[in-house]
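Subject: A structure to look through

Dear colleague,

Please find below the structure that I promised to pass on to you.

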Amino acid sequence: MRRTGFSPPPQYEEDAMNKKKRDTLYSVWTIMILFSVLLVLFALLFSSFTKDYSGKTSKTAAAASAAPATATDAGVKALKTAALLTETADAGDDYINRMTFLSDATTLGLKTNGLLKDRTETTKVLSTADGELSLAGINTAVVAYGGESVPVADAVKTAAPDILVVTLGENGAAFMGQDYFVSEYTALLKSLKTAAPNAVIICNSILPVSKAYAANNSMNADTIRQANNWIQQAASDNGCKYADSFTALCGDDGYLMANYDSGDGLKPNSNGLNAMLSYLRTHAAQ
């Protein structure tokens, strides 16, 4: 007998239906997996944005809390700790005569220009003959005193100053980095306090330099401002005073004023150093 049509066996129909169900289920699973992946990617993206902005806000708030500051015309803000000497009545020359200066090249002119009581014969300026006294390695450095070269702490102990004004760090500000700079400065202060326990120690700010000097020595006004913040904090942490003489010699741009420049862009001339002494007299340690 000739067949006129073909009907698949029941088992074939059942297999086809099962396959269709499986294909449908796989499609649903695929869609769900893709949706889950998209959710995860969105969550990660949202989290990264949140972390970025909230982290910066948190750090800024913490920094402001840890170090109160006043704004300047530049990016670096000046600290204002309890060590900072504020304006006082002019304490006069008698106050300056009580001072001994531990100096680098920037204030060596106090002696070479004869600006103190005993002029060029003064023993109140402790430094090397050329003023090349670097903060880096300061605790093994020697200075000229009594016709000999002696360690800094020994010279200070012998000098027995009433007020010791420390001006160091200009030639380390651009290359030492904060940790190294603060470590050397703090160790110096501790050794000075041991050598002269009765002295008032004034950490004098690094003085401004000219734009040309700064450009040739990989620094700018903010480099010195930042280092002065480190000095002020070290003074505060170690029971010393801080004099912001930088502000007495710089212009609005943060660089040494031309009428205070000795000609090399680094060392103030007599006018500049006298301006510094005037600042110290009118910001006296009480």
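The crossing of α6 and α8 is right-handed, a term used when the near helix is turned clockwise from the far one by less than a right angle, with anticlockwise giving a left-handed crossing. This is a predicted model, in which local features need pLDDT of at least 70 and side-chain atom pairs count only at pLDDT 80 or more, while totals for chains, interfaces and linings use all residues. Residues are numbered from 1 along each chain as its sequence is written, and side-chain values use heavy atoms, with hydrogens and water left out.

To stay with this pair of helices, two packed helices are described by the angle between their axes and the distance between the axes. The axes of α6 and α8 come within 10 Å and cross at roughly 40°, where axes are lines fitted to C-alpha atoms, for helices over the stretch in contact, and angles run from 0 to 180 degrees between N-to-C directions. The two helices α6 and α8 are therefore oblique to each other, since angles under 35 degrees count as roughly parallel, over 145 as roughly antiparallel, 65 to 115 as roughly perpendicular and the rest as oblique. Where they meet, Q178, F181, V182, Y185, T186 and L189 of α6 are in contact (heavy atoms within 4.5 Å) with A227, W230, I231, A234 and A235 of α8.

Helix α6 also packs against α4, and the axes of α4 and α6 come within 8 Å and cross at roughly 30°. The contact is made by V152, A153, V156 and K157 on the α4 side and by L188, S191, L192 and A195 on the α6 side. The crossing of α4 and α6 is right-handed.

For the overall picture, the protein has 10 helices and nine strands, which are DSSP runs numbered from the N terminus (H or I and at least four residues for helices, E and at least two for strands). Of its 286 residues, 40% are buried, where buried means under 20% relative accessible area, exposed over 50% and partly exposed in between, with a 1.4 Å probe and protein chains only. Among contacts between residues at least 6 apart in sequence, 71% join residues at least 24 apart.

Next comes the interior. A nonpolar core is a set of buried Ala, Val, Leu, Ile, Met, Phe, Trp, Tyr and Cys residues joined through side-chain atoms within 4.5 Å. The largest one has 45 residues, of which L102, V152, V166, F181, Y185 and L192 touch the most other members. The elements that give two or more residues to this core are α4 (152–159), β7 (163–167), α6 (178–195), β8 (200–204), α7 (211–216) and α8 (221–237), and α8 gives the most, with seven residues. A second, separate core of 26 residues includes V125, V165, L207 and A285. Returning to F181, its contacts beyond four places in sequence are L135, G169, G172, A173, M176, I206, A227, W230 and I231.

Several loop residues also deserve a look. Both G131 and G137 are found in the loop between β4 and β5, but G131 is buried, with a relative accessible area of 2%, whereas G137 counts as partly exposed at 28% relative accessibility. Not counting residues up to four places away in sequence, G131 touches D104, A105 and L108, and the C-alpha atoms of G131 and L108 are separated by 5.9 Å although the two are 23 residues apart along the chain. With the neighbours within four places left aside, G137 is in contact with Y180 and E184.

Which residues have a positive phi without being glycine? A160, in the loop between α4 and β7, is one of them, with phi near 45°, and S218, in the loop between α7 and α8, is another, with phi of about 50°. Most residues other than glycine have a negative phi. A160 is exposed, with a relative accessible area of 55%, and S218 also counts as exposed, at 68% relative accessibility.

Finally, A82 lies in the loop between β2 (78–79) and α2 (92–97) and is exposed, with a relative accessible area of 74%. A82 and C240 are 158 residues apart in sequence and 9.6 Å apart in space, C-alpha to C-alpha.

With best wishes
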